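Reader: Hi! I'm new to looking at structures, and I'd like a close look at one part of this one. Could you walk me through how the pieces of a single chain sit against each other, and then how that chain meets its neighbour?

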Amino acid sequence: MSERLVSARDLAKDYQLDGFAIHALRSVTLEVHAGEFISIMGASGCGKSTLLHILGAVDVPSAGELTLFGRNAAELTDAERTALRLHHLGFVFQRFFLLPMLTAAENVMLPLMEAGLARRQREERVHEVMEYVGLAQRMRHKPGQLSGGEQQRVAIARALVNRPQLLLADEPTGELDEATGEQIAELLQRLHADGTAIVLVTHNPELAARATRQLRMRDGQIEPPMEGAP
Amino acid sequence: MRTRRFVALAAGACLLAGLVPPKIAPAAQSSATPAALPDAVLTDRTAARLGVAVGDTVEIAANAALRDAGRFIVGGIYRPHADPFEVGHEQLHVTLHLPDLERLMQVDDRVDRFTAKLSDPAAARRVADEINALRIGVAAYTSQQLADANSSTFVVISQFHKAIGVVSMLAGLVFLIAIMVLKVEEMRRVLGVLRLIGISRRTVLRSVLLIAALVSLLGSVVGIGLAHIAVAIINPASQARYDTDLIFAHITPGIVVLAVGLAIPMGLLAGWLVARRIVHGNPLDQIGR
């Protein structure tokens with residue numbers, strides 16, 4: 001059995017919205033192992049993004065047990081959760097969230113600067129990861145000079161540059177046309193093949209089908225797998 | 001060679017001799033040759049006002065009725081040192097030799113005040129003290145002592161300027177906070193992304209403070225530039241308006257250091273007040289989940 005990266009048991013997430021109690025997650029149990037590729041599908045508002053945020057140490061559950069990379073998430077301070085995101089996790093969002101004033105290379109370099117790598121190491125690592133996503137020739141361009149697909153590849157490069165064990169992707173093709181989305185899907189698949197674990201939230205069944213384990217959520221819960229499903 | 005008749009206040013002579021101000025009075029054409037007349041020195045403003053030049057003849061009296069006026073030849077015209085007390089006053093100065101002034105004022109052997117210029121100005125205080133210690137009925141003052149005694153108006157004005165400065169700084173701080181609020185709100189999503197990808201609160205806060213410092217520094221540079229433009233307009237305009245060499249506005253290195261030295265801490269304070277709210281918020285809220 002491969003290394004267990006994330007273990008969630010009976011997770012719940014409740015919050016108040018305009019006086020109403022919202023149960024975003026109910027009794028969610030999930031394990032993510034090294035090298036896995038999990039896709040999560042479901043209708044809007046079913047809790048899949050909330051689950052992703054909790055697995056990514058951005059949000060905290062209201063109840064349940066969560067272990068992130070061998071550590072009890074409930075005991076982590078904000079600084080420790082931040083460090084976890086920096087060193088163990090990579091995030092890719094539907095919107096690319098690149099810093100418009102920086103070049104593609106500088107955007108990718110940000111996590112390395114925070115991690116304290118020397119300049120030469122940073123430059124080597126950025127070049128390596130930009131080459132991996134096929135944008136070695138566009139490193140000096142700013143986000144505004146790149147297409148949507150290229151911006152998403154820069155965002156993926158930024159998520160990968162600290163060599164995370166787990167990549168969390170929230171609708172990474174949601175703002176891209178079909179052909180460009182296909183390129184991103186292939187990139188994710190290549191990443192998985194190279195050993196990075198991925199948890200992917202998507203509405204796109206074709207993209208979800210590329211995962212080694214496909215989950216569906218409804219009303220804050222993970223549905224039991226259908227017979228014959230992977 | 002012209003002979004002119006005037007009525008004007010000769011305050012310079014009055015100051016020199018400490019006497020009642022004489023008058024430069026109207027007079028009839030004289031038969032005396034200019035070379036035989038005593039000379040008087042006029043300020044350039046006086047000369048311009050009276051329309052005389054060096055070599056011209058003027059008649060000066062010690063009373064408004066212009067009785068017993070004396071005739072003088074204009075021996076020189078000079079530009080007096082600028083004096084803030086005289087700004088806006090239309091005083092016309094004339095300087096006479098002491099015997100001529102005494103004769104004009106019809107008083108003999110009487111001097112209330114005179115100025116002595118020392119070869120070593122640094123010894124002024126000591127010399128004044130030594131004269132005063134003699135107790136011969138003479139009081140000696142240094143120029144600095146007189147300046148201090150007469151500058152109370154300027155002390156008040158200076159305090160007034162400081163008060164305006166404090167109010168301006170407070171207004172500037174509010175303005176800086178407003179700019180930083182707008183700037184940070186504009187960057188809210190960027191800061192949220194930074195937090196999501198694992199950039200620490202400290203780094204994010206430092207980045208915002210750096211931006212605040214740069215905004216303040218830029219504001220200082222722009223402010224100093226505007227001040228220089230204002231000085232370039234105010235000084236010539238005021239000097240022309242009051243016919244003086246006085247410098248009305250002056251930007252010293254000390255003022256520049258003070259402006260930058262206050263602006264940057266104020267900018268940092270404004271940045272910190274705004275940024276601490278952002279960095280302690282949930283990054284998901286900041287990116288607009």
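This is a predicted model: local features need pLDDT of at least 70, side-chain atom pairs count only at pLDDT 80 or more; totals for chains, interfaces and linings use all residues.

First, the place where the two domains of chain A meet. At their meeting place, 14 residues of domain 1 of chain A touch 13 residues of domain 2 of chain A. Together these two domains of chain A bury about 1,200 Å², and carbon and sulfur atoms account for 70% of that area.

What about charged and polar pairings here? Between domain 1 and domain 2 of chain A there are zero salt bridges, while five residue pairs are in polar contact, counting pairs with both residues at pLDDT 80 or more. Now look at the elements on the domain 1 side: α2 and α6 (178-193) of chain A each give at least two residues to the side that touches domain 2 of chain A. α6(A) gives the most to that side, with seven residues. Sorted by type, the residues on this side of domain 1 of chain A are nine nonpolar, three polar and two charged.

Next, let's turn to the neighbour. Where chain A meets chain B, 17 residues of chain A and 18 residues of chain B take part in the contact. The area buried between chain A and chain B is about 1,600 Å², with 63% coming from carbon and sulfur atoms. Two salt bridges are found across the interface of chain A and chain B. One of them joins the side chains of B:Arg201 and A:Asp78, at 3.4 Å from N to O. Between chain A and chain B there are also seven residue pairs in polar contact, with both residues at pLDDT 80 or more.

On the side of chain A that touches chain B, the elements giving two or more residues are α2 (78-87) and α3 (104-115) of chain A. Here α2(A) gives the most, with four residues. By type, this side of chain A has nine nonpolar, two polar and six charged residues.

Key:
Residues are numbered from 1 along each chain as its sequence is written. Chains are lettered from A and ligands numbered from 1 in the order in which they are written. Side-chain values use heavy atoms; hydrogens and water are left out. Contact means heavy atoms within 4.5 Å. Buried area is the accessible area (1.4 Å probe) that two parts lose on being put together, summed over both. A salt bridge is a side-chain nitrogen of Lys or Arg within 4 Å of a carboxyl oxygen of Asp or Glu. A polar contact is a pair of N or O atoms within 3.5 Å; within protein, one must be able to donate a hydrogen and the other to accept it, and residues adjacent in sequence count only if both atoms are side-chain atoms. Ala, Val, Leu, Ile, Met, Phe, Trp, Tyr, Cys and Pro count as nonpolar, Asp, Glu, Lys and Arg as charged, and the others, Gly among them, as polar.
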